[in-house]
Amino acid sequence: MPHNAVLLAAGGSSRLGQPKQLLLRQGIPLVRHIADLLLQTQPDRLILVTGGNAEAVEATLAGLPVEICRNPDWETGLASSLQSAAKALKGSSYPVLITGTDQPRLTLTRLMQLLENSAEQNIVSQYRPDAQGIPVRLTAETLARASELRGDKGFRDLWKGNPPLKIDAPELLEDLDTPEQLAEAIRAGWIDQPT
C-alpha cells in the first residue's frame, strides 16, 4: 500500500533521565532501529520529527533516506510533533504510519498489519481493552486535522463517532518512560546492558 511514515523522536525523556531515542538495541540506537523498520515498509517518505537532543538523534540516522523535521515547540507535547509532521506531509493523499521511539518490541510484522487494511480507515494498536496508541495508521485527512490537537494528546478526541480499527498488540504496552521500565527492558533483553 502506498503510504508515508512518521517517526516521532522529539521527546526530552525527562522521566527516564536520558534520551530514550539513543538507548541501544543490539548495538543500534533505538531511533535508528525503528527508522529501519519503517523503511522496510517502503514508505514514499519517512519524516523524522526531532526536538529534545535533536543533533544527537539526527546524527544516528546519517545515511538513511529520512527527512528531518525539527519541532521548535517539542516541549509542549505530542500535539506539536504531530502538527510538524502534518505540515511536512501537507498535500499528500497517502495514509501515514506513525511510530514513536520507546517500544523496543515493535516488529515489522506489526507495522505491516497496520498497512493490510483499508486505506480509508484509521487503525490503532490496542495494548489492552482500555489502552490504545501507537503505532497507528492514519488517513491523510485525519493527519491534516492535527492543528486541532493541543498539549500531550493524540487523535483520540477527534474520532468520537468514527472509531478506528484496532489491532491487538499487547506486547507494545511495554515502553520506556521510567528508570524502572528501562531496567525491566534490560533484564528482558529488549535493550542492551549499559557498558
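Tutor: A definition is needed before the details: a residue is called buried when its relative accessible area is under 20%, and exposed when that value is over 50%. The model is a predicted one, and its salt bridges come to a count of ten.

Let us begin with Lys-20 and Asp-102, whose side chains form a salt bridge with an N to O distance of 3.3 Å. Lys-20 belongs to the loop between E1 and E2, while Asp-102 belongs to the loop between strand E6 (96–99) and helix H4 (108–115), so this pair ties together parts that are 82 residues apart in sequence. Lys-20 and Asp-102 are both buried; Lys-20 is counted so because its relative accessibility is 12%.

Lys-20 also meets Asp-177 in a salt bridge, here at 2.7 Å from N to O. This pair links distant parts of the chain, 157 residues apart, since Asp-177 sits in the loop between E9 and H6 and Lys-20 in the loop between E1 and E2. Asp-177 is buried as well, because its relative accessible area is 17%.

Asp-177 has a further partner in Arg-15, with 3.2 Å between the closest N and O atoms of this salt bridge. Arg-15 lies in the loop between strand E1 (4–9) and strand E2 (24–25), and 162 residues separate it from Asp-177. Arg-15 counts as exposed because its relative accessibility is 57%.

Through these shared partners, Arg-15, Lys-20, Asp-102 and Asp-177 are joined into one network of salt bridges.

Conventions:
Residues are numbered from 1 along each chain as its sequence is written. This is a predicted model: local features need pLDDT of at least 70, side-chain atom pairs count only at pLDDT 80 or more; totals for chains, interfaces and linings use all residues. Side-chain values use heavy atoms; hydrogens and water are left out. A salt bridge is a side-chain nitrogen of Lys or Arg within 4 Å of a carboxyl oxygen of Asp or Glu. Helices (H or I, at least four residues) and strands (E, at least two) are DSSP runs, numbered from the N terminus. Buried means under 20% relative accessible area, exposed over 50%, partly exposed in between (1.4 Å probe, protein chains only).
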